[in-house]
Each structure stands twice: as structure tokens, then as C-alpha cells.
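Student: I would like to go through the terms used for this structure and ask what each one rests on.

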Amino acid sequence: AFRDRVVSTPDAILAVREIGRGEPILMHPSLARGARDFDPLAVRLATAGYRVISFDPRGTGQSWASTSALEGRTLHDYAADVLAVVRALGLRKVHMLGHAYGNRVARTFAVDHPEFVQTVLLCACGGGIPNANALDGLAKIKNPATSAAEIRTATRSTFFAPGRSSQYKLSASSAQ
């Protein structure tokens, strides 16, 4: 069963999920996505003997940060959030997994805090700048004024290929 907890930083409250026991794998999701995206993978890794940890990045899902704590953030700031999770859970070394935008955070964390990293696992590591439609969708998803229905629609069109989004159930927390 998943264990949920919060980790506080000076300017954010991070919603953390973990499952399993063993060597820790800390997973950072894609931009504007949350920890629950990893639930199916987390269950499989926990069954294989790992302690799997993920969290909703600041301003996403169940995590919270003030508007000022979201503006002008760098990859180093997001890596500092990873460090806060590592320290709060008393972890010595982690296998750091980053998905899509999270791969950039994972790599930054490994450079900024190599003493806490055993391996780095990168998934969906595209390059370049997202196209205009993707940027518009991301802006809608990250805007606190966007309704839940608009977030679900923007999530489907931004993150899933045409004809594929119907295969995914989007929970309210993963679409916020």
C-alpha cells in the first residue's frame, strides 16, 4: 500500500508518495504532472524489492507553493526540493529517475548533490523546445484559474498522442 506524507521546505509543501522496502528509487515526474503518474510502475518496482518514492513538484497536484515560490524557479531550485525529500526521509543514496522534464531535474540533482545519487535513470528525454500548442497546453495546466475540466482537456491534448488519450484515466489530482 502507498504511504502518503508531506515534506515542508521554506516556501513549499510537497506531497510525497512511497511504496515498498529496499533500495530507494526516487522518481521525478514530467512538467505539470504528479507522483500518481508513476503508481503502476511504482507497484511493479516495489514488488521487485525497491522502496519507490515520488512527489508532486511544487505547485502541482497535492503539493503547494505560493505564486512567488513558483516564479523564476530554476532546475537547481527543483533539485533542492528533491534534496528536501531525500533528507526528510533519511535517505543516504537514491536511484534517481526522471521522466521527461523530470529528467532535467534528475540530472541537476545528480550534479548538485552527487553524494546522494547511486544511479540516474532517464525516461522520455526529448530535446528541443516544445511546439506552440504544447506550450499553450502547459500554460493552461499550470494556471490556477483554469477549471478542472479545462485541465483534463489540456492534459489529454498536451501529453497524449491523438487517439491515445481515451486509454488513460485522469484523476483530479494528476490533472491539477
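This is a predicted model: local features need pLDDT of at least 70, side-chain atom pairs count only at pLDDT 80 or more; totals for chains, interfaces and linings use all residues.

Tutor: Residues are numbered from 1 along each chain as its sequence is written, and side-chain values use heavy atoms, with hydrogens and water left out.

Student: Why does V6 count as exposed?

Tutor: Exposed means over 50% relative accessible area, buried under 20%, and partly exposed in between (1.4 Å probe, protein chains only). V6 has 55% relative accessibility, so V6 counts as exposed. V6 lies in strand β1 (residues 3–9); strands (E, at least two residues) and helices (H or I, at least four) are DSSP runs, numbered from the N terminus.

Student: What makes V6, I13 and W64 a nonpolar patch?

Tutor: Patch residues have over 30% relative accessible area and no salt bridge, and nonpolar side chains (Val, Leu, Ile, Met, Phe, Trp, Tyr) are joined within 5 Å. A salt bridge is a side-chain nitrogen of Lys or Arg within 4 Å of a carboxyl oxygen of Asp or Glu. V6, I13 and W64 form such a patch on the surface, with about 310 Å² of accessible area together; the areas come from the Shrake-Rupley method with a 1.4 Å probe.

Student: Why is β3 called largely enclosed?

Tutor: In β3, 5 of the 6 residues are buried, so the strand is largely enclosed by the rest of the structure.

Student: How do you know which strands pair with β3 (residues 23–28)?

Tutor: Two strands pair if DSSP finds at least two bridges between them. β3 is joined to β4 (residues 50–55) by 5 bridges and to β6 (residues 94–99) by 4 bridges, both in the parallel sense. M27 stands opposite S54 in β4 and opposite L97 in β6.

Student: What makes the unit of β3, helix α1 (residues 39–47) and β4 right-handed?

Tutor: A crossover is right-handed if, with the strands pointing away from the viewer, the path from the first strand over the helix to the second runs clockwise. β3, α1 and β4 make a β-α-β unit of this hand, as do β6, helix α3 (residues 101–112) and β7 (residues 117–123).

Key
Patches are made of residues with over 30% relative accessible area and no salt bridge: like charges are joined within 9 Å, nonpolar side chains (Val, Leu, Ile, Met, Phe, Trp, Tyr) within 5 Å.
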